[in-house]
Amino acid sequence: MVAGSRGKGWMRISLWLAIIVLCLVFAFLANLSFGSVRIPLNDVFQILTGGEASRTVYEKIILGIRLPRALTGILAGSALALAGLQMQTIFRNPLADPFVLGVNSGASLGVALVILIIGPGSAALLGGLSMFGNYSVVIAASLGAALVLTFIMILSLRVDLMTLLIMGLMVGYATSAIVSVLMFFAMPERLQAFFSWTFGSFGSVTWSQMQALVPAIILGSLMSLVATKSMNAFLLGEAYATSMGVNILFWRTWVLISASILTGAVTGFCGPIGFIGVAVPHLCRSVLQTSDHRVLFPFVIIVGALIALFADLISQVPGSNVVLPLNAITAIIGAPIIVWLLLRKRNLRQAFGES
């Protein structure tokens, strides 16, 4: 009976994996096809494969704008979802994510400092930065995120859940206040560009900037994968994890660095994007009915990418020249998911600790 139950469980997980992979492929193609100009899927395939349509005017739209934007959405959604999963597990906090705990604000502070020091004088926020500037943005955003995460980690050892949430919000307010002061003294063109950056966007990342974004997210994801076994031990408490031979301090620091890199890289290039990090892990746990990180890891990556692409597609308002703030769309999608899950589970601890 036990073997049969496990077999059915893996069949259900495999079925869900196939479904969301197909949905991800559909969302990816939809992002390439739909926008202010609709491009037939046949032309999209020919452009991607170097066919006859590769020399048409559609080529510049697909390869120069929509393809890097879609790839950025996949990378950013996966990274934010992974960072959220790690922080929810380490803090044993069902609402932990880069946004709620103020980590995005810390990353924004790092980016604001870089812009004021090495940012270009033009209206483009990141487009004029050299390769050194690209990596400087990632490093600054990661350090800002790491400082906030470290502070929150120290607090988590001394205070309860609700106090930690309040302190995280206060840290976010404080760092946002510092950013506001920096913006007050910034040049008008940089100020306008920074405002646009805070709305969130996958469309501002160029192919050259991908050379900085991709390695950072791959590094953070690999670090997260290495920590999978230890993360499972953390789910049952620090005492149990210690009895299993897990080095608490080492793996907390490891996860801290991983989440900082993931959050910092995405925030540096795409802006502070909320709700994906907190919503996706809960959605995956609810659908799969497990908290095993060996199962959650691939699902969180794919679902995070899927929701990011879906949100980006909506923000483009296909058929018009209007582009909505990406952060507004992720909030519209993410908030109902969290409310629905909490109503189903009736309390935060049950929502987080199911197995």
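The dialogue below takes up confidence, helix packing and salt bridges in turn.

Student: How is the confidence of the chain to be described, and which elements have the lowest and the highest mean pLDDT?

Tutor: This is a predicted model. The chain has a mean pLDDT of 82, with 86% of its residues at 70 or more. Among the elements, helix α15 (residues 348-353) has the lowest mean, 50, whereas α13 has the highest, 94. For residues 120-129 the pLDDT is below 50, and this stretch has 23 contacts in the model beyond near neighbours in sequence.

Student: What describes two packed helices?

Tutor: The angle between the axes and the distance between the axes describe two packed helices. Take helix α3 (residues 58-91) and helix α13 (residues 293-315): their axes come within 7 Å and cross at roughly 135°. The two helices are therefore oblique to each other, and their crossing is right-handed. Residues of α3 in this contact include R69, G73, G77 and L85, and those of α13 include F297, G304, A308 and D312. By class, the residues of the contact of α3 with α13 are twelve nonpolar, six polar and two charged.

Student: At what angle do α3 and α12 pack?

Tutor: Helix α12 (residues 276-288) packs against α3 at an angle of about 75°, and the axes are 7 Å apart. Angles of 65 to 115 degrees count as roughly perpendicular, and α3 and α12 are therefore roughly perpendicular to each other. Among the residues that meet here are G77, L80 and G84 in α3 and V278, P281 and R285 in α12. Seven nonpolar, six polar and one charged residues make up the contact of α3 with α12.

Student: Is the crossing of α3 and α8 left-handed or right-handed?

Tutor: The crossing of α3 and α8 is left-handed. The axes of α3 and helix α8 (residues 207-226) come within 10 Å, crossing at roughly 25°, and the two helices are therefore roughly parallel to each other. The contact includes L63, L67 and L71 of α3, together with W207, M210 and L213 of α8. Its residues divide into 13 nonpolar, four polar and no charged.

Student: How many salt bridges does a search of the whole structure find?

Tutor: Side chains of opposite charge can pair when their charged atoms come close. The search of the whole structure finds two salt bridges. R69 forms a salt bridge with D312, and the closest N and O atoms are 3.1 Å apart. R69 lies in α3 and D312 in α13, so this pair ties together parts that are 243 residues apart in sequence.

Conventions
Residues numbered from 1 in each chain as written. Predicted model: local features only at pLDDT ≥ 70, side-chain atom pairs only at ≥ 80, totals over all residues. Heavy atoms only, no water. Axes fitted to C-alpha atoms, helices over the stretch in contact; angles between N-to-C directions. Helix = DSSP H or I, 4+ residues; strand = E, 2+ residues; numbered from the N terminus. Parallel < 35°, antiparallel > 145°, perpendicular 65-115°, else oblique. Left-handed = near helix turned anticlockwise from the far one by under 90°. Contact = heavy atoms within 4.5 Å. Nonpolar A, V, L, I, M, F, W, Y, C, P; charged D, E, K, R; others polar. pLDDT = per-residue confidence, 0-100. Salt bridge = Lys/Arg side-chain N within 4 Å of Asp/Glu carboxyl O.
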